[in-house]
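Please view the structure alongside the points below.

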Amino acid sequence: MAWCGNAFPLRGEEAAPVDQVIVDPPTEAVINGALRYLAAQQQTNGSWTAAGRRGDHPVAITGYALLAFMAAGNLPEEGDYARQVNAGMQFLLDAIQPDGTFRGVNAGQYMYNHGIATIALSELYGQTRSPAMRTKLERAVKLIISTQSDRGDAKGGWRYRPFPGDADISVTVMQVVALRAAKDSGLDVPQQTIDDAIAYVRRCQAGGGGGFSYQAGRGEAGFARTAAAIYSLQVCGQYHDQLVDPASEYLFSKSRAGGQWWTYGCNYATPAQYMIGGATWKRWYGLMKDALLGSVKREGDQCHWEGDVGPVYCTAAHATILAMPWHYLPLYQR
């Protein structure tokens, strides 16, 4: 089933009991400490940076930080961190150029940055309906639509650079989530764009084990790439796709904490398992809570996590995961 207006199908009997998963007091304390840490790391221009071994990436990291604050109920004029959210939003809006690209992003990995920034802005626009945001956000969304690949096995996907060409699942997931968020907020997204994206994701399925490969027909299955694929199917409305449940079980089998791309993968696996709901979501959130609370770094009243991309990215991603049972982000609501 594909998108239909702003309505997305539920998964029936498993969709209802998500509220059996709660944020308990110890977890809430860690989330609050993480938000204090993120607030302290904001730059004077409103951005956040990675300050990690892989570069600073202010556009992308600002997007991740904004999602963490929104996941805990903060908006530009609402919540304890309204000022920080407003400043981060303005940084991203000011970075959007007339052609829809974001200023100051390395072209080599451009679409990663574009995707997460567009997700954050779409979520903000959907909850604020600020007329000042719409025109710039539409530019960013149109760029995603115009850069979808139309070539061979890559058709329907996206790759690093902002023009049609090759494709991979890690870049594609960013774009389909951004399009879902934009669609939910009232912006126009062509159905053909979504249909082609769904077809590309399905072509990345890597055999009978439930996992997905990095590119269609190439490579082995892996945790992060499978998480990206199942989440892509979910946000495109494919809740009943026959590939979803095997992929969910694959993620459980590969969910051991640590290793390269673990945080990145969990950032997709968690909302995908949430959308499945019921016992699947309860089991997954329990795994995430145990791993994240066990690895958090505490410094005074602040909490953070560390990783290759830097503590700001890891802290934002992990805080968003832990806060998901609060249901503040429309993107994660079915």
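The points that follow are grouped by topic.

The model described here is predicted. Two packed helices are described by the angle between their axes and the distance between the axes. On that basis, helix α9 and helix α10 pack at an angle of about 130°, and their axes lie 11 Å apart. Under the aromatic pairing rule, the count comes to ten aromatic pairs.

**Packing of α9 and α10**

- Helix α9 spans residues 244–253, and helix α10 spans residues 262–276.
- The crossing of α9 and α10 is left-handed.
- From α9, the contact draws on Val244, Asp245, Ser248, Leu251 and Phe252.
- Helix α10 contributes Ala269, Gln273 and Ile276 to this contact.
- Sorted by class, the contact of α9 with α10 comprises five nonpolar, two polar and one charged residues.

**The pair Tyr64 and Tyr313**

- Tyr64 and Tyr313 form one of the ten aromatic pairs.
- Their ring centres are 4.9 Å apart, with 75° between the planes.
- The geometry of Tyr64 and Tyr313 is edge-to-face, because the angle of 75° is over the limit of 60 degrees.
- This pair links distant parts of the chain, since Tyr64 belongs to helix α2 (residues 58–71) and Tyr313 to helix α12 (residues 311–323), 249 residues apart.
- Tyr64 and Tyr313 are both buried.

**Aromatic residues in and around α10**

- The ring centres of Tyr264 and Tyr268 are separated by 5.0 Å and the ring planes meet at 80°, so this pair is also edge-to-face.
- Both Tyr264 and Tyr268 belong to helix α10, where they are four residues apart, about one turn of the helix.
- Tyr264 and Tyr268 are each buried.
- One aromatic cluster is formed by Tyr231, Trp261, Tyr264 and Tyr268.

**Gly286 in α11**

- Gly286 is located in helix α11, which covers residues 278–295.
- The relative accessibility of Gly286 is 25%, so the residue counts as partly exposed.
- Between Gly286 and Gln302 there is a separation of 16 residues in sequence, and their C-alpha atoms are 23 Å apart in space.

Conventions:
Residues are numbered from 1 along each chain as its sequence is written. This is a predicted model: local features need pLDDT of at least 70, side-chain atom pairs count only at pLDDT 80 or more; totals for chains, interfaces and linings use all residues. Side-chain values use heavy atoms; hydrogens and water are left out. Axes are lines fitted to C-alpha atoms, for helices over the stretch in contact, and angles run from 0 to 180 degrees between N-to-C directions. Helices (H or I, at least four residues) and strands (E, at least two) are DSSP runs, numbered from the N terminus. A crossing is left-handed if the near helix is turned anticlockwise from the far one by less than a right angle, and right-handed if clockwise. Contact means heavy atoms within 4.5 Å. Ala, Val, Leu, Ile, Met, Phe, Trp, Tyr, Cys and Pro count as nonpolar, Asp, Glu, Lys and Arg as charged, and the others, Gly among them, as polar. Buried means under 20% relative accessible area, exposed over 50%, partly exposed in between (1.4 Å probe, protein chains only). Rings of Phe, Tyr and Trp (its six-membered ring) pair if their centres lie within 6.5 Å; planes under 30 degrees apart count as stacked, over 60 as edge-to-face and the rest as tilted.
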